[in-house]
Amino acid sequence: MGSWPESGRVALASPRTLRFADTPVGLLAGGIRPTSPPLLTTPLLLWDLATLVPTPELDREVHRTALARELGRPAPRILYRPDRRTDPVVAVDLLDRSGRDGERASSLPRLLAALALVLRQRGLRPADVDGPPGVGLETVELVSRHCPGLKQGVVAASVRPNALLKLRATGLDRHLSDARAYGSDDCRWDVLIGLALARSGTAAGVVVATGGAELGAAARRAGATVVAVAPTTPDAGRWADLVVPGPFDVVTALRPMVAPGKRRPVRC
């Protein structure tokens, strides 16, 4: 593979205009979207934070604790979902299952704020991260060494404070600063990808690396090239352009894409 996929999905369109203040999570972000920086010609790799820092048990614990505080009683159990829903989507689901579907407008902002409070009080422990420690940081550093000029950013299902806590605790905050979008920015993956792209200022192609089917499918719909990293579903070929067994293998998939003279020109 020496170029972007033949389908021509090499760049995302500009994020569509939305009334962000009207979305459920707009209250947390003040209802204001950032302005898009000038477009550059550098490719962008967007990591799914859950691929670099997998914390499924911790995320479920935080949601249940935050909801219990909102309800004043134990929260319902959270079923395992391998497609990595964003925090607002999980929160709405839990509110509905708790009989609070008629109180979303008032309960959801408090519940999302409680997610950040719970994790800040609890903290992130090494045992919370699935797999060997430091894999995420080593992966990002490996890509930086072997794919010079490639920007790296992150999209996260978590609300912003929790995503930042995970990034700082693992040292990834120093390497994934070119583009970011968080679950408190919006509840939809395709919008989060567009936000991260706008914040990066790149126009030479976007790759999303994830093991989650929901994010991967949204990335393809938005026009990104998708690398499935140790996918959690057997149908990865339906939502990914490439499938690799683990994070360290992403660099092998990306190196031909960013090699000098191998990239296609940006299509406007």
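User: Which residues line the largest cavity?
Analyst: In this predicted model, the largest cavity is lined by Leu58, Asp59, Val62, His63, Asp87, Leu115, Leu119, Ser158, Asn162 and Lys166. A cavity here is a set of points, on a 1 Å grid over the protein atoms alone, where a 1.4 Å probe fits but cannot get out, and lining residues have an atom within 4 Å of a point.

User: Which elements give two or more residues to that lining?
Analyst: They are α3 (56-71), α5 (104-122) and α7 (160-170). Helix α3 gives the most, with 4 residues. Helices (H or I, at least four residues) and strands (E, at least two) are DSSP runs, numbered from the N terminus.

User: How does the lining divide into nonpolar, polar and charged?
Analyst: There are 4 nonpolar, 3 polar and 3 charged residues. Ala, Val, Leu, Ile, Met, Phe, Trp, Tyr, Cys and Pro count as nonpolar, Asp, Glu, Lys and Arg as charged, and the others, Gly among them, as polar.

User: What volume does the largest cavity have?
Analyst: The volume is about 70 Å³, taken as the space filled by probe spheres set on the points, with grid points joined across faces, edges and corners. The structure holds 1 cavity of 30 Å³ or more.

User: Is Lys166 buried or exposed?
Analyst: Lys166, in helix α7, is buried, with a relative accessible area of 3%. Buried means under 20% relative accessible area, exposed over 50% and partly exposed in between (1.4 Å probe, protein chains only).

User: What does Lys166 touch?
Analyst: Leaving out residues up to four places away in sequence, Lys166 touches Leu49, Thr55, Asp59, Leu124 and Ser158. Contact means heavy atoms within 4.5 Å.

User: Changing topic, why is α8 described as largely enclosed?
Analyst: Because 10 of its 12 residues are buried, α8 is largely enclosed by the rest of the structure. Its buried residues include Trp189, Leu192 and Ile193.

User: What do the buried residues of α8 pack against?
Analyst: They pack against β1 (44-48), β2 (151-155), β3 (180-181), β4 (206-210) and α9 (213-222). Just after α8, Gly201 takes a positive phi of about 70°.

User: How many helices and strands are there in the protein chain?
Analyst: The secondary structure comes to 10 helices and 6 strands. Buried residues make up 53% of the 268 residues.

User: And the conventions?
Analyst: Residues are numbered from 1 along each chain as its sequence is written, and side-chain values use heavy atoms, with hydrogens and water left out. Local features need pLDDT of at least 70 and side-chain atom pairs count only at pLDDT 80 or more, while totals for chains, interfaces and linings use all residues.

Conventions. 1 Å grid on protein atoms, 1.4 Å probe; cavity = no way out; pocket = protein on both sides within 12 Å on 5 of 7 lines; lining within 4 Å.
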